Amino acid sequence: MSVDEDARWLEWVTKQFESIAGDDKEINLNEFKTALKVRESFFAERFFSLFDSDSSGSISLEELLKALNLLIHGNETDKLRFLFQVYDVDGESQTHEGQSEPALPACSGSIDPDELKTVLKSCLCESAISLPEEKLDDLTLVLFESADKDNSGSITFEELKAELENFPEVMENLTISAANWLKPPDADQKKNKTPRYLTLTYWQNNSRKLLFLCSYALLNLLLFIGAVLHHSYGGGWFMLAKGCGQCLNFNCTFIVVLMLRRCLTWLRATWVVRVLPLDQNILLHQIVGYAILCFTVVHTAAHVANFAWMSRRGEFGLWEYLLTTRPGIGWVKGTASLTGVVLQLLVFLMVFCSSTFVRRSGHFEVFYWTHLSYIWVWILLIIHCANFWKWFVVPGLVFLLEKIIGVAVSRMGGLYIVEVNLLPSKVTHLVIRRPQVFHFKPGDYIYINIPEIAKYEWHPFTISSAPEQSETLWLHVRSMGQWTNRLYEYFRQPESQMFRQKILSIWLEVKLKCFSVWCFYLQVPANHLFCYIKCYVDGPYGTPTRQIFASEHAVLIGAGIGITPFASILQSIMYRYHMRKHNCPSCSYSWCENIKDNDMKLRKVDFIWINRDQKSFEWFVSLLTKLELEQADEEPDGRFLEMHMYMTSALGKNDMKAIGLQMALDLLAKKEKKDSITGLRTRTQPGRPQWEKVFQKLSEENKGKVHVFYCGAPSLAKAIKHQCERFGFKFYKENF
């Protein structure tokens with residue numbers, strides 16, 4: 001932190017203290033824990049003990065500020081000594097040479113293995129990492145052996161300082177104010193002064209979308225003006241209603257075009273994808289939906305105002321104009337007003353139930369069923385407006401054709417769920433027998449219907465297996481809503497209820513002369529089930545990830561279950577990579593062709609997976625282990641695929657509550673050639689990626705044009721897209 005930030009932080013600490021402290025102007029240990037937001041009591045107790053210089057059992061504001069000032073303005077040795085005192089659990093208060101009084105209690109002089117193990121165990125709790133006791137012993141031993149240079153059986157302050165010098169990133173953090181070590185995790189981040197929407201880079205990187213939106217707005221304006229001029233005889237309110245009505249004719253038709261998934265999938269393979277923002281069809285669909293809502297409100301309000309004016313001069317009252325067919329307005333027996341009222345209600349209902357807070361709050365079914373009201377909307381629009389059918393006829397027929405094809409595809413034979421793996425993180429891994437006629441590309445998604453779970457519901461999921469895996473296709477379904485929870489619980493039902501499906505599955509495998517499956521079944525764990533359950537699939541449909549193979553340097557970023565499309569892509573990439581690999585017949589030297597071909601132009605792939613907790617890595621750790629083994633013989637700098645793992649709940653090396661743990665994890669990973677958290681060779685990094693540093697490194701590799709593909713939470717997408725705009729990288733986000 002800068003000097004100004006230090007001053008502001010100390011001021012904030014003072015206010016926090018005064019708000020928590022009682023009449024005695026002191027705080028106890030429990031109040032200190034609450035203010036510091038420390039999850040594990042060990043560190044709170046150690047900090048409290050070090051700040052309580054008079055050992056009174058409470059901290060005064062003077063004691064707290066004296067300690068913090070030392071950490072903020074002290075030199076590197078002062079900060080290191082504070083770290084040592086935290087680790088030296090049995091330390092006693094001493095006065096060091098050159099100090100008139102101890103600003104902080106001093107240490108006993110050494111750290112023994114038991115103290116180190118206690119600290120590392122608390123570090124694991126702080127970072128929400130669960131490791132077996134044997135692994136904790138290994139971490140303690142490897143860090144202790146590395147730091148105890150003289151093999152004396154204890155670590156002195158000088159030895160700890162020497163050990164820390166082997167970790168430059170830790171020493172670098174010592175130059176920063178040590179107050180960062182104690183700062184609560186929800187510290188405010190700096191905001192960019194210039195809004196990204198006003199930067200030249202943003203307009204350059206979003207040129208297709210912005211040009212399309214400008215064209216869309218201009219077309220609506222032209223339609224509005226044309227309709228207003230054409231109906232100038234009817235007065236101002238009538239003209240306004242007709243202008244909005246013409247825009248509604250266009251938008252209620254155009255919103256259908258944006259959801260023609262098969263047509264859009266086909267267009268992604270053509271030159272059109274370089275001109276139109278096909279990858280943002282969901283965003284455009286939402287924009288058009290809100291435009292329909294706005295035009296509907298204005299259209300209705302203008303008609304109401306016009307009816308009010310007409311009722312004062314005519315034989316019908318306002319309510320007769322609005323709620324009866326007596327005035328004879330409309331081309332189908334005067335039903336324009338009645339159908340208009342119903343349409344208004346339906347549009348409001350569809351927009352409200354498609355809001356983010358409804359879809360992502362475990363009520364996807366509400367969105368799903370209310371959105372099916374589009375069928376009634378189209379029927380009522382045809383009755384309501386005499387000219388709407390002229391706009392709708394072509395897109396409507398294409399939409400109907402897509403639906404017929406979808407039904408035909410979904411009813412093709414041979415689609416059965418034959419295997420289920422329930423993961424502890426409430427993810428259901430479905431293995432579906434794949435018909436020979438079913439073809440897809442990496443990253444594609446499908447809609448699936450499982451009558452055993454819900455007879456009429458269809459839900460979209462990305463295929464997580466590779467197209468080269470010809471016999472089956474995989475889906476990984478995270479339990480987040482009613483349907484996904486029912487799916488998970490269905491396969492968790494007692495063994496006796498699953499017996500029928502298991503026996504049927506065994507019979508099927510024996511029938512197919514796969515007797516080895518029977519032997520495997522006898523050893524299968526409880527959360528791994530064989531079954532034979534009918535399902536229906538509609539698709540596949542393309543996504544922005546289809547552009548990966550046309551990239552030179554692809555960066556795949558998955559957040560949580562957002563790794564699903566990249567699981568398929570990574571498998572397919574490595575398959576194609578090995579197809580291009582050659583070996584010299586004389587010396588067996590292996591190399592990869594550095595040529596561009598139509599199938600794959602990739603020269604480098606960086607895969608970044610961000611998870612909140614340790615359990616989430618179990619989803620695809622076996623796949624990633626296999627991919628690592630395929631590159632085991634290659635030099636780290638020359639690897640075609642490079643992996644980066646991040647665990648956001650784990651504290652980083654700039655936090656005193658995790659410095660020792662992260663050092664131990666680094667040392668043990670170097671010794672065992674694998675990460676203690678995931679078992680991969682790739683070391684899991686704590687905290688969130690520092691995107692500016694990550695992207696700076698990517699730009700310096702010079703492996704060609706960088707294309708970034710992301711699947712995960714929308715909030716993280718904004719941060720990544722902002723960095724892509726800064727570095728001139730192409731950004732693609734998974735939408736469906």
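1. A search of the whole structure finds 14 salt bridges, a salt bridge being a side-chain nitrogen of Lys or Arg within 4 Å of a carboxyl oxygen of Asp or Glu. The model is predicted, so local features need pLDDT of at least 70 and side-chain atom pairs count only at pLDDT 80 or more, while totals for chains, interfaces and linings use all residues. Residues are numbered from 1 along each chain as its sequence is written, and side-chain values use heavy atoms, with hydrogens and water left out.

2. One of the salt bridges joins the side chains of E133 and K117, at 3.0 Å from N to O. E133 lies in helix α7 (residues 133-147) and K117 in helix α6 (residues 113-126), so the pair ties together parts that are 16 residues apart in sequence. Helices (H or I, at least four residues) and strands (E, at least two) are DSSP runs, numbered from the N terminus. E133 is partly exposed at 40% relative accessibility, and K117 is partly exposed at 26%. On this scale buried means under 20% relative accessible area, exposed means over 50%, and partly exposed is in between (1.4 Å probe, protein chains only).

3. The side chains of E642 and K604 also meet in a salt bridge, at 3.1 Å from N to O. This pair links distant parts of the chain, with E642 in strand β14 and K604 in strand β13 (residues 604-611), 38 residues apart. Strand β14 covers residues 641-647. E642 has a relative accessible area of 22% and is partly exposed, whereas K604 counts as buried at 4%.

4. The pair in point 3 belongs to a network: K604, D606, E642 and E701 are linked by salt bridges. The C-alpha atoms of E642 and D606 are separated by 4.9 Å, although the two residues are 36 residues apart along the chain.

5. R683 and D666 form a salt bridge through their side chains, at 2.6 Å from N to O. This pair too links distant parts of the chain: R683 is in the loop between α27 (659-672) and β15 (684-686), D666 is in helix α27, and they are 17 residues apart. R683 is buried, with a relative accessible area of 13%, and D666 counts as buried at 17%.

6. How are α15 and α17 arranged relative to each other? Helix α15 (residues 281-311) and helix α17 (residues 336-353) pack at an angle of about 150°, with their axes 10 Å apart. Axes are lines fitted to C-alpha atoms, for helices over the stretch in contact, and angles run from 0 to 180 degrees between N-to-C directions. The two helices are therefore roughly antiparallel to each other; angles under 35 degrees count as roughly parallel, over 145 as roughly antiparallel, 65 to 115 as roughly perpendicular and the rest as oblique. α15 passes α17 in a left-handed crossing, that is, the near helix is turned anticlockwise from the far one by less than a right angle (clockwise would be right-handed).

7. α15 also packs with helix α13 (residues 236-257), at an angle of about 155° and with the axes 8 Å apart. That makes α13 roughly antiparallel to α15. The crossing of α13 and α15 is left-handed.

8. A336 is found in helix α17 and is buried, with a relative accessible area of 10%. Its C-alpha atom is separated by 8.0 Å from that of T325, eleven residues apart along the chain.

9. W331, I382, W389, V393, V394, L397, L400 and I404 make a nonpolar surface patch of about 770 Å². Patches are made of residues with over 30% relative accessible area and no salt bridge; like charges are joined within 9 Å, and nonpolar side chains (Val, Leu, Ile, Met, Phe, Trp, Tyr) within 5 Å. Accessible areas come from the Shrake-Rupley method with a 1.4 Å probe, and for residues only the protein chains shown count as cover. Helix α21 (residues 388-410) gives the most to the patch, with six residues. V394 lies in helix α21 and is exposed at 56% relative accessible area.

10. Backbone geometry deserves a remark. Most residues other than glycine have a negative phi, and most peptide bonds are trans. The peptide bond from G539 to P540 is cis, with omega near 5°, and P540 lies in strand β9 (residues 536-541). N151, in the loop between α7 and α8 (157-164), has a positive phi near 55° and is exposed at 66%. K333, in the loop between α16 (318-323) and α17, also has a positive phi near 55° and counts as exposed at 77%.
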